[in-house]
Amino acid sequence: MRRRGIQIMKINPDDADVGPSIVRFKFRLAGNESLKKVQTMAEDLARDLALPGTPIIDNISRSTFAGIDIPRERSETIPLRPLLDALGQPGPAELPVILGKTPDGTLIREDLADFPHLLVAGATGSGKSVFLRGLLLSLLTQYRPGNLELLIVDPKRTDFTFFNRLPYLRGGKVIVDGNEARTALLELARSEMQRRQDLIANRSMRMKEFNQRYPDEAQPPIVALIDEYALLTNMMDKKERESFEQDLMILAAASRAVSIHLIIATQHPSAEIVTSKLKANLDARIAFKVATNTNSRVVLDTPGAENLLGNGDMLFRRKSGEIIRIQAPFMDEMTMMEYLKQIG
Ligand SMILES: Nc1ncnc2c1ncn2[C@@H]1O[C@H](COP(=O)(O)OP(=O)(O)OP(=O)(O)O)[C@@H](O)[C@H]1O
Ligand SMILES: [Mg+2]
């Protein structure tokens with residue numbers, strides 16, 4: 001960096017964070033040096049350092065450091081199982097989910113109920129389904145059937161078959177058919193939402209307080225997961241699609257009060273699929289590796305996700321706009337089948 005004219009303070013290698021998939025070297029910029037200038041030379045630094053791709057360079061939030069993320073020669077897989085075992089009892093109306101670990105080793109656990117919806121985007125093979133299954137496993141570990149309902153839409157018919165017989169499913173199965181998926185989502189948006197709204201409106205409170213006050217009538221939180229949203233909307237014509245989106249958005253806007261949460265995943269983070277209307281209602285967003293910086297902007301409102309490494313390497317954008325790099329944990333299919341047998 002100095003050779004390229006950047007004024008930086010002396011780097012202490014001990015400041016570096018050795019994360020599961022990257023090493024984050026931390027540096028402080030001198031005087032009125034700007035981070036933008038360093039970021040624009042990321043490709044040149046990649047060549048100087050003989051890196052396999054362009055490194056992500058950014059401020060490290062809540063510190064005076066900036067960081068340059070260098071991929072490790074061999075990344076470490078983070079096993080999901082021990083993280084699930086360490087989950088405690090959720091607080092009232094909380095839906096704690098494990099996202100993964102930051103480069104400094106911090107475990108990121110967030111409350112899905114607080115999001116209250118999540119957008120997950122990434123190119124094929126970037127780690128979306130593995131991650132989404134992990135989210136579901138987090139929830140299944142903490143909630144007994146009856147206390148949580150899941151609506152799983154898997155138009156690709158591959159990644160969620162293991163969940164098929166679980167006693168948590170609305171409609172009794174993982175939905176793979178596009179028309180069935182649309183019907184189920186519209187039922188959620190039109191009747192179930194309405195039913196819940198009526199229930200709480202009569203006693204003028206939110207679902208959370210309602211459940212505490214009237215445990216006998218408690219309504220379980222519902223998490224609706226759509227893996228490959230584009231496959232669902234692509235089968236509709238323009239008018240159907242707009243009306244479907246409208247329904248989803250009405251649901252999204254009201255759902256915090258009625259404990260219905262959407263997780264929408266897509267391989268195609270283009271502005272046509274992830275419309276501004278959809279985005280406006282999905283405050284919490286995750287980008288796995290995407291193809292272009294335009295894709296990254298659509299998801300995160302900033303470039304960067306095009307330089308992620310794949311295999312569960314992600315950028316998580318909080319509601320506040322803060323973005324952190326996280327490595328998602330992993331569980332192989334055999335272990336998952338065993339695990340589901342135990343809890344199902
Ligand atoms: N967190 C992870 N840790 C280690 N390896 C991972 C992780 N996530 C994904 N992988 C590897 O990447 C492969 C593809 O992941 P996954 O099926 O989740 O991709 P995807 O984004 O859902 O792709 P598609 O859009 O094609 O469905 C996995 O089979 C696994 O080998
Ligand atoms: Mg997938």
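The lining of the largest pocket comprises 13 nonpolar, 13 polar and 13 charged residues, where Ala, Val, Leu, Ile, Met, Phe, Trp, Tyr, Cys and Pro count as nonpolar, Asp, Glu, Lys and Arg as charged, and the others, Gly among them, as polar. The structure is a predicted model, in which local features need pLDDT of at least 70 and side-chain atom pairs count only at pLDDT 80 or more, while totals for chains, interfaces and linings use all residues. Residues are numbered from 1 along each chain as its sequence is written, chains are lettered from A and ligands numbered from 1 in the order in which they are written, and side-chain values use heavy atoms, with hydrogens and water left out.

The volume of this largest pocket is about 1100 Å³, and of the 39 residues that line the pocket, Q39, I56, I57, D58 and N59 lie nearest its centre. At least two lining residues are supplied by each of β2 (22-27), α1 (35-40), α2 (42-48), β3 (56-59), β4 (66-71), α10 (293-300) and β13; helices (H or I, at least four residues) and strands (E, at least two) are DSSP runs, numbered from the N terminus. Grid points are joined across faces, edges and corners, and a volume is the space filled by probe spheres set on the points.

A search of the whole structure finds 2 cavities of 30 Å³ or more, and the largest cavity holds about 40 Å³ of space. Its lining consists of P20, S21, I22, K101, T102, P103, D313, R325, I326 and Q327, with strand β13 (residues 323-327) giving the most, 3 residues.

Around ligand 1 there are 16 residues, of which T124, G125, K128, K156 and Q267 come nearest, a residue being near if one of its heavy atoms lies within 4 Å of the molecule. This shell has 5 nonpolar, 9 polar and 2 charged residues, and helix α4 (residues 128-142) gives the most to the shell, with 3 residues. Among the polar contacts (pairs of N or O atoms within 3.5 Å), a backbone N or O atom of G125 lies 2.8 Å from an oxygen atom of ligand 1, a polar side-chain atom of N311 lies 3.3 Å from an oxygen atom of the ligand, and a polar backbone atom of A328 is 2.9 Å from a ligand nitrogen atom. Taken alone, ligand 1 exposes 630 Å², of which the protein buries 76%, with accessible areas from the Shrake-Rupley method and a 1.4 Å probe.

Two backbone features were also noted. The peptide bond from F115 to P116 is cis, with omega near -10°, and P116 lies in the loop between β6 (107-111) and β7 (118-121). A93, in the loop between α3 (80-85) and β5 (96-101), has a positive phi near 65°.

Technical notes. A polar contact is a pair of N or O atoms within 3.5 Å; within protein, one must be able to donate a hydrogen and the other to accept it, and residues adjacent in sequence count only if both atoms are side-chain atoms. On a 1 Å grid over the protein atoms alone, a cavity is a set of points where a 1.4 Å probe fits but cannot get out, and a pocket is an open set with protein on both sides within 12 Å along at least five of seven lines; lining residues have an atom within 4 Å of a point.
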